[in-house]
Amino acid sequence: MTESAVKQFVNRNWQRLIVAVPYLWLLVFFLAPFAIILKISVADPVIAQPPFTPAFDETGRLQATWDNFTFLLTDKLYAITYLKSVTMAASATVLCLLIGFPMAYGIARASAGVRNLLLLLIILPFWISFLLRVYAWMGLMNNYGVINNFLIWLGVIDQPMQLMYRDFAIYVGLVYSYLPFMILPLYATLERMDLDLVDAAMDLGASPSVAFFDVTWPLARPGVVAGCLLVFIPAIGEYVIPYLLGGPEALLIGRVLFDEFFVNRDWPLASAVAIVLLLLLVVPIVLLQRSQARDTELAS
Amino acid sequence: MKRRSAFVLSALAFGYAFLYVPLASVIFYSFNDSRLATVWGGFSTRWYGELWGNDQVLDAAFLSLRIAVTSATLATVLGTLAGLALVRVTRFRGRTLFSAMITSPLVMPEVITGLSLLLLFVSLQQLVGWPAQRGFSTITIAHTTFSMAYVAVVVRSRLAAMDQSLEEAAMDLGGRPLRVLVDITLPLIYPAMLAGWLLAFTLSLDDLVIASFVSGPGSNTLPMYIFSKVKLGVTPDINALASLVILFVSAGVLLAWLVTRRGPGQPGRT
């Protein structure tokens with residue numbers, strides 16, 4: 001009768017069980033790894049397997065050093081890399097907002113049947129491999145790619161333009177990949193919005209631009225905030241897009257971390273790079289969680 | 001409204017063209033006979049045939065599918081439990097830490113998740129000798145960890161929107177918690193679990209960065225194989241592979257859309 005014993009155990013402890021099982025998993029595979037990153041970020045690199053000094057030496061003394069962090073903060077290359085990652089992610093976010101807002105507005109204002117289809121077409125690319133969508137742009141932006149061939153055929157240019165391996169190409173890749181993340185939360189707030197308010201403002205003599213900035217924009221703010229954070233946060237650590245579309249000088253932080261780890265095999269420095277990146281993201285991540293908590297409150 | 005609608009319409013047209021022209025162009029050029037991927041050399045399906053004969057692609061695809069099915073299933077179990085814990089167990093020690101850990105993987109940069117998990121696996125190997133080698137098991141664990149967060153969020157919003165009175169009634173009538181879970185709660189939340197499973201499955205198939213960190217020599221997932229090829233430029237056989245993925249996924253999503261549209265009214269956002 002072991003089965004009924006198991007059942008009894010589950011019935012008596014079900015609350016504890018549904019908490020404990022995922023909790024344990026996350027402690028082992030989510031929290032513990034961060035403790036390890038922290039530990040390795042204060043170690044020294046050595047040529048050994050694994051390539052860093054243990055936390056305690058043979059005599060049991062703690063060996064920890066701030067060297068990796070002081071190096072990161074004083075080395076100009078890293079400062080430039082972090083700054084460039086932040087500015088590129090921020091610019092891509094603004095571009096996504098400029099393209100995504102009118103689209104979300106259009107979708108929210110379409111008739112119900114059309115709206116579902118339009119929404120589906122926004123979500124669909126998200127299900128198709130991210131890597132392959134970035135790859136698609138390689139074929140378009142090549143020197144002998146579709147865009148150049150088309151422009152030459154039109155007679156606009158007679159020499160292929162250099163589109164790939166420049167910051168321009170990274171922006172295209174970022175905006176293309178993250179646009180759905182901007183449109184969906186924007187759509188969700190715009191769809192909830194009461195259109196009569198805009199009409200009322202216009203009836204009372206507000207010009208379209210005044211109505212937009214005084215009525216639509218403030219009401220859409222939660223969606224704007226959520227959308228911007230959902231684009232900005234993943235864009236900062238992006239690895240694939242700068243690697244495939246950007247040039248060799250496109251030093252963005254995701255790629256630097258990857259190379260520091262795999263090419264230079266400097267595990268302590270790579271860990272320190274990860275921690276500084278995480279610190280940069282703390283504020284946006286907290287903002288996002290707060291805006292999502294507010295959203296679930298509104299929905300329920 | 002009226003005055004702006006021309007602007008909105010053109011924004012929509014431009015936006016959708018921006019989203020779909022690249023995909024269309026990949027499909028178009030996959031039927032290109034020329035070895036030079038962007039010079040048109042006549043219609044041909046030979047790249048699809050070559051794909052079928054390429055063992056590396058098939059092995060990588062098979063490994064990716066095995067990882068995706070296993071990790072999506074594990075993530076659905078763990079994520080559903082986590083969702084239940086968050087909504088139905090209102091007080092327990094460390095609840096704040098728990099809910100923070102559940103939602104953080106959603107926004108964690110992939111490079112950090114990948115690096116931290118690899119360092120964990122290396123340390124574990126030193127301490128307890130497991131995992132002896134990295135590959136299927138380590139990638140599956142990594143994918144389960146980040147995709148269970150997505151499942152938990154989907155299940156949680158379904159549970160929060162659900163009427164609790166059915167469960168309470170079953171409990172009042174003497175239903176044991178396990179029975180109530182199996183007979184009442186799970187049938188009510190299974191659409192969310194299914195959506196979560198599909199999401200986890202797709203995320204796993206899609207992941208390149210985390211898998212690159214935690215895999216060992218010799219185990220290449222499909223995205224890793226594709227990445228190693230496209231680093232060197234556009235090739236016609238990857239065009240064919242990409243087209244197959246695009247068509248397969250589009251068909252699946254359209255089918256799911258048509259089925260759920262006829263089903264009982266449930267929130268369209270997943």
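At 18% relative accessibility, C228(A) counts as buried, where buried means under 20% relative accessible area, exposed means over 50% and partly exposed is anything in between (1.4 Å probe, protein chains only). Before going further, note that this is a predicted model: local features need pLDDT of at least 70, side-chain atom pairs count only at pLDDT 80 or more, and totals for chains, interfaces and linings use all residues. Residues are numbered from 1 along each chain as its sequence is written, chains are lettered from A and ligands numbered from 1 in the order in which they are written, and side-chain values use heavy atoms, with hydrogens and water left out.

Back to the cysteines. C96(A) is buried too, with a relative accessible area of 0%. So do these two pair up, and how far is the sulfur of C96(A) from the closest cysteine sulfur? That closest sulfur belongs to C228(A) and sits 8.7 Å away, which is too far for a bond. A disulfide here is a pair of cysteine sulfur atoms within 2.5 Å, and a search of the whole structure turns up zero of them over all chains.

Now for some helix packing. In chain A, helix α8 (residues 195-203) packs against helix α9 (residues 208-236) at an angle of about 150°, with the axes 9 Å apart. That makes α8(A) roughly antiparallel to α9(A). Helices here are DSSP runs (H or I, at least four residues), numbered from the N terminus; axes are lines fitted to C-alpha atoms over the stretch in contact, and angles run from 0 to 180 degrees between N-to-C directions. Angles over 145 degrees count as roughly antiparallel, under 35 as roughly parallel, 65 to 115 as roughly perpendicular and the rest as oblique.

Who touches whom? From α8(A) come L197(A), V198(A), A201(A) and M202(A), and they meet P208(A), A211(A), V215(A), T216(A) and L219(A) in α9(A), contact being heavy atoms within 4.5 Å.

Finally, a few backbone spots to look at. Y165(A) isn't a glycine, yet has a positive phi of about 55°. Y165(A) lies in the loop between α6 (146-154) and α7 (167-192) of chain A and is partly exposed, at 42% relative accessible area. R265(A), also not a glycine, has a positive phi near 50°; look for R265(A) in the loop between α11 (253-262) and α12 (267-299) of chain A. Over in chain B, a cis peptide bond joins W130(B) and P131(B), with omega about -5°.

Conventions
Helices (H or I, at least four residues) and strands (E, at least two) are DSSP runs, numbered from the N terminus.
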